[in-house]
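Please look at the model first.

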Amino acid sequence: MKRRDFLKITSAVSAAYVIGFYIPIKSRASETKKDEKALQPNAFVEITPDNNINFIVGQVEMGQGTYTTLAMCIAEELNVDWKNINIVPAKIAPVYYSVFGPLMITGGSSSVFSKQLEMRKIGAAVNEMLIKAATKKWKVRAYDVYTKDSKVFNKKTKESFKFGDLVNDLSSMKVPTNPKIKELKDCKFVGKPHSRHPKEMWEKVTGKAEFGIDVRVPNMKYAAVYHPTIFGAKVKSYDASKALKKDGVIKVKQIPSGIAVIAEHWWIAKQALFDIDVVWDKDEFKNTSDKELNEQYSKAMQKNGALMRKNGDSKKAFETAEKTIEAEYDFPFLAHAPMEPLGVVVHHEKNKATVWSSSQSQTMALKAISKVLSVKGENITYNTPYLGGAFGRRGTINLDFILDGAYVSKDEDFPIMTLWTREDDIKMGNYRPKYKNKVKVALDKHGDITAFDAKVASQSIFKGSPFAAFGFKNGVDGAQKEGLIDHPYDIDNHDMQAFTMDSPIPVLWWRSVGHTQSSPTVEGIVDEAAFAAGVDPIEYRINMLKDHRFINILKDVAKKANWEKRKKEKNVGYGVAIHESFGTISAQIAKVRVTKDDFKVEKVWASVDCGFAFNPQNVKNQIAGSINFGIAALKYSEITINNGEATQNNFYDYKVSRISDAPEIEVNIINSGEKIGGIGEPGVPPILAAVPNALFDATGKRYHSMPIKIG
């Protein structure tokens, strides 16, 4: 997407120099034009007279390393001492909007690929200005001046200025409109592996980092909410007389999602929930369980669905096929289960409010709170702490936990932390949708795939939401087709259809979104085709690929895993998969060992091409984290429905990967020089296919349902 740049100096505040660069995306320019007048401040870098460099970041930090990598981009061009950078969460302003439109939202693995160029230009522009300011003071040529470690040096006299010494000079200068940035190959800092930014790391290892759950403000009270467990149920009546007699309980109030108890301490509020008698108006969903859902999905797929992809003559290809392979895949609802429980602090004071929210989308949260409190957004002070994990959950479209906090705090004269229990989150969604996929491929006499048909049934993530305009079109949800209709293989004929199911179960994007169902589907059926053709699975894939990046990365991972000379052992198998998501291609080879009723992923070799790795250490960390995240879905995680409610409650029955599940992981990064891609999510899809393929190699049995049950 073509961009145009323009620069602004917005203000010289409190003797510090603040610079802002606004790089609007052409397609959204008209959407943001109206708000630009309210653009205060428009800033990313602040230099103080005492030589502190403050980097103001619009993205949230939820463990993915965005603060560190984007700060590296600034540091590289600005030539600052890395330790001098302070990372400050941005206030809400249009200048911090994401690539997804007029929203401050962190997701889609977009932070680095969408912001790196902007941040590098900012660093380069300020650097040029510092040099220009110094040349005027020393009356020398710019050639004789350079910057290093937050100082400007005179080559001849060896004199130096700290950046902070030039604050007053910068405030009156014009910002360069086309600053020269370094070639990536010439960077000394970017492109090299770095651990987390020292200040972020220090805060976290010493427990000083403030997450949403850590927020404490004077006179703050706490609230817990009694939610229904059956999806779609509403409060019919309730009796809180017993709860109100409990010491420490301040108030009991009904909110749209249930009954809230406000108390002096959260534990008191939570315990008081047990003293409330609630009569729920349960709807017809109370009679629904997984069996009924499976039958509904299967029945729907007997008809023609919404068209996702149709090219060639698939029908004819199957009629003339030498062989046909069919498979049905089942993927369950999945909870995100971030480590930090969901919560928000809201202080409503008549016509203004203060908020501390661990949401992935500051603007969505602000808008929801503003509407509930009837307070204008500009009168709400919004604070962003660290997020203790998210995986998409804190970017919830229906804003469930945010709305709870807003309704609980409305018209109360003290700040309130509304905190969900783990059970609230796991029991009541939002979930990765349940998917049922049916696929079949036609093979010719050479074993090559000539046609690829697919049917995908699931609830829509986007239907009926504010994102429906781009996420749900012509009866097809974006998560149903991504990674499926655009698979990389050269196949002439396709017929792919989508079926949208409706239920009161709230669904949401889950790390890697639709790729979590498309990768195991595509890479599973291709693996079956390779076996049927009697061709090595990597060679088979390479024969069907045209894009050199896919071919290179498959060859690379095969070499790293010593694929051709892999050792044959009883009950041990190797499986491969390759998948592109969020602009990044990742191939993985998994080695598994099968026991009587279990399996262990012993080692994973991963090759990843994200164009350029700005922080290779973080890329490796993200891929390793994604692999372990995916192993949970392969071995344990599932939300099952019984009598209208989720069977699972907490980590004891919604299991995620333990340390003992972690395989040895080798990650190799290929800096192809192609367009920069994301990295937070692309490591998940291939592991969801590589492991089932490895299990087939070990057992001779295909596994089409997750979590995988051996035996």
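Q: Is the crossing of helix 15 and helix 19 left-handed or right-handed?

A: A crossing is left-handed if the near helix is turned anticlockwise from the far one by less than a right angle, and right-handed if clockwise. Helices are DSSP runs of H or I, at least four residues, numbered from the N terminus. Here helix 15 and helix 19 cross in the right-handed sense. This is a predicted model, where local features need pLDDT of at least 70, side-chain atom pairs count only at pLDDT 80 or more, and totals for chains, interfaces and linings use all residues. Residues are numbered from 1 along each chain as its sequence is written, and side-chain values use heavy atoms, with hydrogens and water left out.

Q: At what angle do helix 15 and helix 19 pack?

A: Axes are lines fitted to C-alpha atoms, for helices over the stretch in contact, and angles run from 0 to 180 degrees between N-to-C directions. For helix 15 (residues 515-533) and helix 19 (residues 684-699) the angle is about 35 degrees, and the axes lie 8 Å apart.

Q: Which residues in helix 15 meet helix 19?

A: Contact means heavy atoms within 4.5 Å. Helix 15 brings H515, T516, S519, P520, E523, G524, D527 and F531. Their partners in helix 19 include V684, L688 and F696.

Q: How many salt bridges are there between domain 1 and domain 3?

A: A salt bridge is a side-chain nitrogen of Lys or Arg within 4 Å of a carboxyl oxygen of Asp or Glu. Between domain 1 and domain 3 the count is 0.

Conventions. Helix = DSSP H or I, 4+ residues; strand = E, 2+ residues; numbered from the N terminus.
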